[in-house]
Amino acid sequence: MKGKKAMQNRVFVINKHGKALMPCKPRKARILLRDGKAKVLKKEPFTIQLLYGSTGYKQDISVGIDSGQRYIGLAVTSQNKVLFQGEVELRQDVKKLIDTRRTYRRSRRNRKTRYRKSRFLNRIAKKKDNWLPPSVASKVNHNINWIKRLLSVLPKADLHIEVGKFDMQKMKNPEINGEGYQQGDLYGYQTVKQFVLARDNYTCQVCKKKGGKFKIHHIIYRSLGGTNTVNNLTTVCSNCHTTKNHQTGILAKWCKDKMKVNKSYKGATFMNILKRRLFLAFPQAKFQYGSWTILQRVDLDLTKSHYNDAVAISGIRKVKAKPTSIVMFKQFRKKKRSLHEATARKGRKTPNITSKRNAKNTKYAKGFWLNDYVKIKDSNKKGYISGFMSKGTNVRLRDIFGEYVSNSDKSYTSTKNISLINHSNNWQKQVITEKQYIMG
C-alpha cells in the first residue's frame with residue numbers, strides 16, 4: 001500500500017468535514033485505508049481523512065515547540081503520552097549564496113562581456129514595515145509554518161513555545177547599566193576607524209610596531225562570515241597587511257588564533273527577532289524560556305536533544321509512553337540561480353562558461369527528479385537523489401545526514417537499480433532511532 005511504511009507510532013486523522021480528530025495507531029489506519037474508509041491526505045506528518053461520517057471524541061492535547069535558527073524541535077503529547085516527536089533542520093547557506101550571486105553580478109561589469117547596466121535605482125523604494133533580510137525572514141517563516149502544520153491536523157491543541165531573550169550589551173559587558181546602554185562603543189568618536197586606532201593605541205597588533213601607515217583589518221574575514229563590529233576589527237600596519245599575509249602569512253595565523261576568542265552574536269540577534277514574530281503570530285500560545293525547559297527535561301529524565309526539549313516544553317508531567325523513533329525533516333536546496341561561476345565545480349575540468357541558466361543542474365532524468373526518495377532494488381537501502389551523472393544514467397544517493405547510500409563501494413548507482421518511493425520537493429524526511437540520532 002502506497003505510503004504505508006511512512007506511518008509512525010501515531011497517525012493524524014481528519015474527518016470528512018476537514019476537522020481534526022485524535023491520532024490513531026498505524027494498524028487502525030492501515031485497516032481504514034485497506035477497506036476504502038479513508039484516504040491519505042498528507043505524508044509530512046502522515047495524515048488520513050475519513051470518508052464516512054464520524055464525530056469521534058476529543059481529549060486534551062499539547063504541542064511543544066523548541067524554536068531556533070538551525071533546528072526546530074516538535075512534539076505532540078496527551079495524557080502523559082508522547083504521540084509524535086520530530087526535528088526540523090533548516091538551511092544555513094542562504095546568505096552565503098546571495099552574497100556569491102551579488103559578487104558574480106558585480107564582477108560581470110568588469111569582464112569582457114556585454115555591458116550589464118547598473119540596477120541601483122530600483123532600490124530607491126522604501127522598505128516595508130517589519131522588513132527582514134531574506135536569510136532571516138526565511139528561518140522566521142519556517143518556524144511559523146511548521147507550527148501551523150501541526151496545528152492544522154490537531155483538534156484545538158494547547159500550544160507551548162520556547163523562545164530566547166538575550167541582552168547582547170550585557171553579554172559583551174556584564175557590568176553595563178544605566179546610561180551605558182545609550183553610550184555605545186563609538187561614544188565620543190567620529191568614526192569606527194578612529195575608535196579602533198585609539199583602542200589599540202596606534203600600535204600594530206601583529207608585530208607590535210608603532211607609527212607608520214595603519215590599516216583596519218577584519219579578524220574573522222568577511223568571506224567567513226565576519227561582521228563590521230568593532231570587536232571584529234583590529235589595527236594592522238601596512239607591512240603586515242599584504243596579500244600573502246592574508247592567505248598564509250603571519251597575519252592569517254594571528255587571526256586564526258584570535259578567532260577562537262572572538263564571539264559572534266548572530267544567533268542571539270535572530271532569537272530576539274523570532275521571539276517578537278512568534279508573539280504576533282500565536283498570541284494564544286504559552287511562552288517560556290530555556291532555563292525553565294532545562295529543569296522540566298531533567299525532571300522527566302530525558303536526554304538533551306531538540307525533540308526532547310519540545311516534549312518538556314509541551315507541559316507533560318510524566319512520560320508513560322514514548323515513540324521509539326524520531327521523524328527528521330531537512331531542508332534541501334534544489335535550484336541554483338547564480339548566473340555565473342568564478343571557478344569550475346567539483347568534477348569539472350574546465351570553467352563553467354557556456355552552460356545556460358536553466359541547464360546548470362540536471363533536475364530530471366530517466367523518470368526521476370532531484371531529491372526523490374528512492375530505494376535500491378534487492379536491498380533495504382534508501383536515500384534521496386542528490387545529483388545525476390552520465391546524462392542521467394547514474395545517480396548519487398544520500399541519506400538525511402548527507403552520507404552516500406550505495407550497494408557497492410562506489411558512491412553512485414544506476415537508475416535501473418532504483419525504484420521510486422515518493423516524490424519530494426524541498427524537504428527530506430527520514431524516520432530514525434535514537435541511536436541513529438546520537439551517531440548522526
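**Contact of helices H3 and H8.** Val136, Lys139, Val140, Asn143, Ile144 and Ile147 of H3 meet Phe270, Ile273, Leu274, Arg277, Leu278 and Ala281 of H8, where contact means heavy atoms within 4.5 Å. By class, the contact of H3 with H8 comprises nine nonpolar, one polar and two charged residues (Ala, Val, Leu, Ile, Met, Phe, Trp, Tyr, Cys and Pro count as nonpolar, Asp, Glu, Lys and Arg as charged, and the others, Gly among them, as polar). The model is predicted: local features need pLDDT of at least 70 and side-chain atom pairs count only at pLDDT 80 or more, while totals for chains, interfaces and linings use all residues. Residues are numbered from 1 along each chain as its sequence is written, and side-chain values use heavy atoms, with hydrogens and water left out. Helices (H or I, at least four residues) and strands (E, at least two) are DSSP runs, numbered from the N terminus.

**Crossing of H3 and H8.** The axes of helix H3 (residues 134-152) and helix H8 (residues 266-281) come within 10 Å and cross at roughly 40 degrees. That makes H3 oblique to H8 (angles under 35 degrees count as roughly parallel, over 145 as roughly antiparallel, 65 to 115 as roughly perpendicular and the rest as oblique). Axes are lines fitted to C-alpha atoms, for helices over the stretch in contact, and angles run from 0 to 180 degrees between N-to-C directions.

**Open sheet of seven strands.** The strand order is E11-E8-E5-E6-E7-E12-E20, with mixed pairing; two strands pair if DSSP finds at least two bridges between them. Strand E11 (286-289) and strand E20 (427-433) are the edge strands, each pairing on one side only. From one strand to the next, the twist averages 20 degrees. Strand E8 (residues 158-163) pairs with E11 in the parallel sense over four bridges, and His160 has Lys286 in E11 as its bridge partner. Helix H3 packs on the sheet, touching strand E5 (62-66), strand E6 (71-78), strand E7 (81-89), E8, strand E12 (325-331) and E20, and its direction makes about 20 degrees with that of E6. Helix H10 (residues 306-313) also packs on the sheet, where it touches E5, E6, E7, E8, E11 and E12; the direction of H10 makes about 45 degrees with that of E6.

**Aromatic pair Trp146 and Phe329.** The structure holds eight aromatic pairs. The ring centres of Trp146 and Phe329 are 4.7 Å apart and the planes stand at 45 degrees, so the pair is tilted (rings of Phe, Tyr and Trp, its six-membered ring, pair if their centres lie within 6.5 Å; planes under 30 degrees apart count as stacked, over 60 as edge-to-face and the rest as tilted). Trp146 in helix H3 and Phe329 in strand E12 are 183 residues apart, and the pair links distant parts of the chain.

**Open sheet of four strands.** The order is E2-E1-E4-E3, and the pairing is mixed. Strand E2 (20-24) and strand E3 (38-43) are at the edges with a single partner strand each, so one side of each has no neighbour in the sheet. Strand E1 (residues 11-14) and E2 run antiparallel and are joined by three bridges; Val11 has Cys24 in E2 as its bridge partner.
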